[in-house]
Amino acid sequence: AYRAAILSFDPDTGAPRHESDGLLMTGPGAGGPGAPCVVLALGPFHELIHRYPGLDVESLPDHLIAPGFVDLHLHYPQLDVIGSPADGLLPWLEQHTFPQEARFADPQHAASVAEFFLDELDRHGVTTALTFCTSHPQSVDALMSAAQPRGLKLIAGKCLQDRHCPDGVRDATEQSLLDTEALIARWHGLGRLGYAITPRFAPSCSDAQLQGAGELAARHPGVWIQSHVAENLDELAWVRELYPRDRSYLEVYSRFGLLRERSVYAHCLHLDEDDRALLRERGAAAAVCPTSNFFLGSGCFDFASAWRTGFLHGLASDVGGGTSLSPFRTMLAAYEAGRAAFTGGGPAKAGVSLAPSRLWWLHTAGAARALGLEGVVGNLAPGCEADFVLLDPRATPLLARRTAQARDLEELLFALIVLGDERAVARTVRAGSLVD
Ligand code: GUN
Ligand code: FE
């Protein structure tokens, strides 16, 4: 049990809840041995402590306990692509991304990057991630086998790409689907691991591959789907050429049965009202990737239209198009993308000011809702798996100065978002297991 200030969210409204002197009690859940630790109780310290006499409590004054962050979309094989400039998405894929991903044919390379990646997630307070691997099945095995003993909530999948990409990363249609099926059987549901069927994006997948992916998705409703959609204007024009009969880019995925609950589409920048309505109807989610969208010059997510339609969405780093694994950098960029009154090529959008607690929700409980894992991860409420971060608002001088001046929770969270980084993540705790 821990005594500290505690941030959590109302499970229904997403409104922030702040215990300024709280008690968080965690312990084994109902899942039996090996099951993740869960939150047993959360509330004001002085109320709860009487109910549990003799409780062993670690006191963490001046610290804030908050739900572990949920990164809705990233690419673990792209750590070595971060900060590689190019003139937009398609040249960036050709010049930087595919050559780095080709290295994952080597299982030893994959294993060493996997360990490094998981260490970095811990340092940044990310306890749940939905990540791409490369087209090599061994890149999935490397990551899953490294993640399993760490007890992190990790969802990942082998990238499907049987056309329009170079030798060394291009897969073969039939084999790619057989590999996907075998990887689902090997990893999905093992401990906290989950599998995601992963067509890279419509331009890199043949009709037969998308068709096969859709059939797998229908046979495995608990498995996730992840892909990219409507990120960049050149990509959009290419999709129109490749799929002239489909009303929109998103419709291509829909036609192949890839738009359903537990499907997460990165970017969703250049959508129209029909696309937004389709996302909502299907219960599909958008992964909003603002540092990537700024770095590649793709555009700015239209939060006001997303709220109006009410489709699921949450925040993501999209490393290595994204520039940082840090949830603080992603939340700040999301705020900036919200303020911007343009989408990047399309019609103007409304500039909005996302509240700090809303940004935080979008990277924790809201992102968990987008994954269909509401009440499981991304929040601290009785029954939730006990993933959390211990934040030190005095980690650096300017952060300490600004957080000391905060008059309320929103000001405290905004100071952390703007000035915080991994130095403020004093500890990451996942499902009860301690990570330094
Ligand atoms: N679209 C297809 N592949 C990718 C990728 O690796 N990163 C981003 N940002 N967009 C993509
Ligand atoms: Fe991506």
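This is a predicted model: local features need pLDDT of at least 70, side-chain atom pairs count only at pLDDT 80 or more; totals for chains, interfaces and linings use all residues.

Visitor: Thanks. What does the C-alpha trace span along its principal axes?
Guide: The C-alpha trace of the protein spans about 65 × 50 × 35 Å.

Visitor: And how does the radius of gyration fit with a compact globule?
Guide: The two agree, because a compact globule with 436 residues would have a radius of gyration near 22 Å, and the protein has 21 Å.

Visitor: Okay, on to the ligand. Which residues are around ligand 1?
Guide: The residues around ligand 1 are H75, Q78, L89, W92, L93, R200, F201, H228, E231, H267, S292 and D318. By type, that shell divides into four nonpolar, five polar and three charged residues.

Visitor: Which helix gives the largest share of that shell?
Guide: That would be helix α2, residues 89–102, with three residues of the shell.

Visitor: Now the close-up. Which atom of ligand 1 does the side chain of R200 approach?
Guide: An N or O atom in the R200 side chain is 2.7 Å from an oxygen atom of ligand 1. On the nitrogen side, an N or O atom in the side chain of D318 is 2.8 Å from a nitrogen atom of the ligand. A polar side-chain atom of H267 lies 3.5 Å from a nitrogen atom of ligand 1 as well.

Visitor: So how much of ligand 1 does the protein bury?
Guide: The protein buries 100% of the 270 Å² that ligand 1 exposes when taken alone.

Visitor: And what about the space that ligand 1 takes?
Guide: That space is the largest cavity.

Visitor: Changing topic: where is the cis peptide bond?
Guide: The peptide bond from V319 to G320 is cis, with omega near 5 degrees. G320 lies in the loop between β13 (312–315) and α12 (327–339).

Visitor: Which residue other than glycine has a positive phi?
Guide: H164 is one, with phi near 55 degrees. You can find H164 in the loop between β8 (159–160) and α5 (173–187).

Visitor: Why point out those two spots?
Guide: Because most residues other than glycine have a negative phi, and most peptide bonds are trans.

Definitions and conventions. Residues are numbered from 1 along each chain as its sequence is written. Chains are lettered from A and ligands numbered from 1 in the order in which they are written. Side-chain values use heavy atoms; hydrogens and water are left out. A residue is near a molecule or strand if one of its heavy atoms lies within 4 Å of it. A polar contact is a pair of N or O atoms within 3.5 Å; within protein, one must be able to donate a hydrogen and the other to accept it, and residues adjacent in sequence count only if both atoms are side-chain atoms. Accessible areas come from the Shrake-Rupley method with a 1.4 Å probe; for residues, only the protein chains shown count as cover. On a 1 Å grid over the protein atoms alone, a cavity is a set of points where a 1.4 Å probe fits but cannot get out, and a pocket is an open set with protein on both sides within 12 Å along at least five of seven lines; lining residues have an atom within 4 Å of a point. A molecule sits in a cavity or pocket if more than half of its atoms lie within 2 Å of its grid points. Helices (H or I, at least four residues) and strands (E, at least two) are DSSP runs, numbered from the N terminus. Ala, Val, Leu, Ile, Met, Phe, Trp, Tyr, Cys and Pro count as nonpolar, Asp, Glu, Lys and Arg as charged, and the others, Gly among them, as polar. The radius of gyration is taken over C-alpha atoms; the globule rule is 2.2 Å times the number of residues to the power 0.38.
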